[in-house]
Amino acid sequence: MLLTLLAMLAFAGNSLLCRMALKHTAIDAASFTTIRLLSASVVLGVLCGFKRSVWTGGGNWPSALALFAYAAGFSFAYINLSAGTGALLLFGAVQATMIGYGIYKGERLKGLRLGGFALALVGLVVLVLPGLSAPPLLSSVSMLLAGAAWGVYSLRGKGISNPLTATAGNFVRTLPFTLLLSLAAGLLMRSSFSWDSAGLGYAALSGGLTSGIGYAIWYRALPALKATSAATVQLSVPVIAAVGGIVLLGEPISWRLGGACVAILVGVGLVIFEKKPALPVSSY
């Protein structure tokens, strides 16, 4: 549970850092994505070096592609989306992907778990709905694809035996994709590359700390979570991000925000702390 909490804090930190960088600094989305993935690769490589592990041998290309698709879609979507709209789209897509897969594999939401999921979902809608407007179509599609990609990446991490090495290998494998992204942004989108020291700092912090280390922690926690539980617990991220916005960005707090936070956290708790069936007593 501690690892899961740390991972959720890292996810929320990514949202805050990305919004701060793209809104308040000169860095562009492609450069933010590149610096984020590169800094995560460097930090994880150093950590794996201290553990004497061959970090380039971890991970795999399908997981790296899913990780890159999430990071790129996330960055470009937040250029035009508000934090609330982006959170709703992102984590809605994550849930649809992971819970859909869990149900396909035979997992079931029933009883208190079903009620907890519904309560958390209602809390999330209450949290973000007042600020919703008609979002730009391309940005919305970009965030939905990012959420689906993150769901795939999380699902692929459930059987990982060495989370740190796997995460390092996945990040390293994203680097060729970032080169293609930069070329596409420059040629097809005619996007001008720009950055400043603050933007580079936010991107590096997002990569090295809240992405690299945060995602390694998430891969470590995943084997103990069902796909449905792993999806639902991520509903807590918008709550943490909202609190971070109040503390770090001076955003106002309201009774609606407080009520939504309580609903989401109680709902997540019901899903995670499900009562396990008693084991049958064996006779000898």
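Visitor: Starting with Asn 80: which side chain does the side chain of Asn 80 make a polar contact with?
Guide: The side chain of Ser 139, at 3.4 Å. A polar contact here is a pair of N or O atoms within 3.5 Å; within protein, one must be able to donate a hydrogen and the other to accept it, and residues adjacent in sequence count only if both atoms are side-chain atoms.

Visitor: What am I looking at, and how are things counted?
Guide: It's a predicted model, where local features need pLDDT of at least 70 and side-chain atom pairs count only at pLDDT 80 or more, while totals for chains, interfaces and linings use all residues. Numbering runs from 1 along each chain as its sequence is written, and side-chain values use heavy atoms, with hydrogens and water left out.

Visitor: OK, back to Asn 80. Where does Asn 80 lie?
Guide: In the loop between H3 and helix H4 (83-104). Helices (H or I, at least four residues) and strands (E, at least two) are DSSP runs, numbered from the N terminus.

Visitor: And what does Asn 80 touch, leaving out residues up to four places away in sequence?
Guide: Pro 136 and Ser 139, where contact means heavy atoms within 4.5 Å.

Visitor: Zooming out, how many helices and strands does the protein have?
Guide: 11 helices and 0 strands. Along the sequence the pattern reads α-α-α-α-α-α-α-α-α-α-α.

Visitor: How much of the protein counts as buried?
Guide: 51% of its 284 residues. Buried means under 20% relative accessible area, exposed over 50%, and partly exposed in between, with a 1.4 Å probe and protein chains only.

Visitor: What share of the contacts with a separation of 6 or more is between residues 24 or more positions apart?
Guide: That share is 90%.

Visitor: On to the inside. Which residues touch the most other members of the largest nonpolar core?
Guide: Phe 11, Tyr 70, Phe 74, Met 143, Trp 150 and Trp 218, in a core of 64 residues. H3 gives the largest share of this core, 9 residues. A nonpolar core is a set of buried Ala, Val, Leu, Ile, Met, Phe, Trp, Tyr and Cys residues joined through side-chain atoms within 4.5 Å.

Visitor: Take Trp 150. Beyond four places in sequence, what is Trp 150 in contact with?
Guide: Phe 11, Leu 67, Tyr 70, Val 94, Tyr 215, Trp 218 and Gln 234.

Visitor: Is Ser 63 buried or exposed?
Guide: Ser 63 counts as buried because its relative accessibility is 1%. Ser 63 is in helix H3 (residues 61-77), and its side chain makes a polar contact with the side chain of Arg 156 at 2.7 Å. Setting aside neighbours within four places in sequence, Ser 63 is in contact with Tyr 153, Arg 156, Asn 170 and Tyr 219.

Visitor: What about Ala 77, which helix is it in?
Guide: H3. Ala 77 has a relative accessible area of 0%, so it is buried. Apart from neighbours within four places in sequence, Ala 77 is in contact with Ser 139, Ser 142 and Met 143.

Visitor: And Ser 15, what does Ser 15 touch, not counting residues up to four places away?
Guide: Phe 74 and Tyr 78. Ser 15 lies in helix H1 and, at 9% relative accessibility, counts as buried.

Visitor: Why does Leu 9 count as partly exposed?
Guide: Because its relative accessibility is 42%. Leu 9 lies in helix H1 (residues 2-24).

Visitor: Last one: where is Gly 169 found?
Guide: In helix H7 (residues 163-187). Gly 169 is buried, at a relative accessible area of 0%, and its C-alpha is separated by 8.0 Å from that of Ala 64, 105 residues apart along the chain.
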